[in-house]
Amino acid sequence: LHLHTLPVMSFFSFGQSAEIDIVLNDAETRKKAEHKTEDGKKDKYFLLYDGETVSGKVNVTLKNPGKRLEHQGIKIEFIGQIELYYDRGNHHEFVSLVKDLARPGELTQSQTFDFEFIHVEKPYESYTGQNVKLRYFLRATISRRLNDISKEMDIVVHTLSTYPELNSSIKMEVGIEDCLHIEFEYNKSKYHLKDVIVGKIYFLLVRLKIRHMEIDIVKRETTGTGPNVYHENDTIAKYEIMDGAPVRGESIPIRLFLAGYEMTPTMKDINKKYSVRYYLNLVLIDEEERRYFKQQEITLWRKGDIVRKSMSHQAAIASQRFEGSSSAEKALAQAQAKEQEQ
Amino acid sequence: MSDPTVADTRRLNSKPQDLTDAYGPPSNFLEIDVYDPQTIGVGRNRFTTYEVRMRTNLPIFKLKDSVVRRRYSDFEWLKNELERDSKIVVPPLPGKALKRQLPFRGDEGIFEESFIEERRVGLEQFINRLAGHPLAQNERCLHMFLQDESIDRNYIPGKVRNLPKGT
């Protein structure tokens, strides 16, 4: 006879217990974003932005119907916190909001509580890194004399920017005196996460036997302050741009699509705890495997998703504005119908 | 008018290349041959020398075509000088073969043809790797090794040109 393992809770608990479930009001329509967990797995979480109101319901389901649940109060919190891996005990909370859902008393049946945090500040982007983690979550707690019952729901926050006003190109001449002179140019210094790096490498002097050139994207995560600063470098991408030996006067193009790589926006001194910066590392390798490199920081930012109307739809709108005629209206209707089909 | 939601991926403008640059000889020509091993002397005072011929168009070398004779200990001397005076990681030399120098061997020891050939190949690889290194090119000992008739072990070590710091 096979004996099944009994779930411990139902065997040992003599009192009442409950399950908590947190549900956002706009769960049906709100977008989810993928986010890496500490052990590298990817999960989807509701995506929220700075200033948005967070509202929803806390469902408390009694496990043993008919029995009462005595409690010292029910509350829900919205928390934004930074956790440094080498200092796990200390969570640095930079956002901490609380709403009381029920005063101390008892629940005789399963119940749902509404909550709303209005215009919540979410100043930083969610980040799971090598040595530090920043996360936002809702936590509902039923306080009890001996042990609380709580449930956490993680959410992801993205920080958005718009096209920077100033975005100068990066252009520099570097090299080793009398051996190798190159001029490299990248079309911008600030790129959004789905942008393209367009650039070129121009050879002014080549007295070395170069056989290969690549461009690497390096992510540097800096944690700690003062004498305890720790940099963690990670090469996110290696992209070959030249195979073979260049000579003077040659220009090698660069076209690197960033959308294919997992990156975050540049984060500088977040709550004075950590930074995440990105660098382009131009690497030349000669016939004897010697490496020559030049690193240059770039700023990455996150662009908000805009609903992209099709080109024909855009053209139809433009012509209607210009002509205001029935033929333009027809064109617009046709374009709209086509779009709905897609 | 370009759609701002689609990135502009056109190449950056660049100067057209001069045809003499494109089709002329490259500025990085450097070839060193180690060949013609000759064993000199008799009995226990024998040693092998190799001809070291360098052809180059690098301006840092005074002679564009030079030939000298060197023995294994000269290569060792060069390696030691560079390890002491420069920050470079010097490539490895072929082995010293001390075992081959012990008596009562069945073969010619270090004068065995196959061994000399093996050593010649190793020395050629060594000197080519080294001479192409921008920092090694700056050391007087390398120039003396490659282009002076004999090595003056009492020379004054030093640099040939001033490289900027951090190179």
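Visitor: What distance separates the centres of domain 1 of chain A and domain 2 of chain A?

Guide: The centres, taken over C-alpha atoms, are 40 Å apart. This is a predicted model, in which local features need pLDDT of at least 70, side-chain atom pairs count only at pLDDT 80 or more, and totals for chains, interfaces and linings use all residues. Residues are numbered from 1 along each chain as its sequence is written, chains are lettered from A and ligands numbered from 1 in the order in which they are written, and side-chain values use heavy atoms, with hydrogens and water left out.

Visitor: Which bounds do the two domains have?

Guide: Domain 1 of chain A covers 18-157 and domain 2 covers 170-301; such bounds come from an automatic or database domain assignment.

Visitor: How many residues of each are in contact?

Guide: 15 residues of domain 1 of chain A touch 15 residues of domain 2 of chain A, contact being heavy atoms within 4.5 Å.

Visitor: Which residues form the salt bridge there?

Guide: Lys42(A) pairs with Glu262(A), with 3.2 Å between the closest N and O atoms. A salt bridge is a side-chain nitrogen of Lys or Arg within 4 Å of a carboxyl oxygen of Asp or Glu.

Visitor: Turning to the two chains, how much area is buried between chain A and chain B?

Guide: About 2,700 Å², with 57% from carbon and sulfur atoms. Buried area is the accessible area (1.4 Å probe) that two parts lose on being put together, summed over both.

Visitor: How many salt bridges are there between chain A and chain B?

Guide: There are two; one of them joins Arg248(A) and Asp21(B) at 3.0 Å, N to O.
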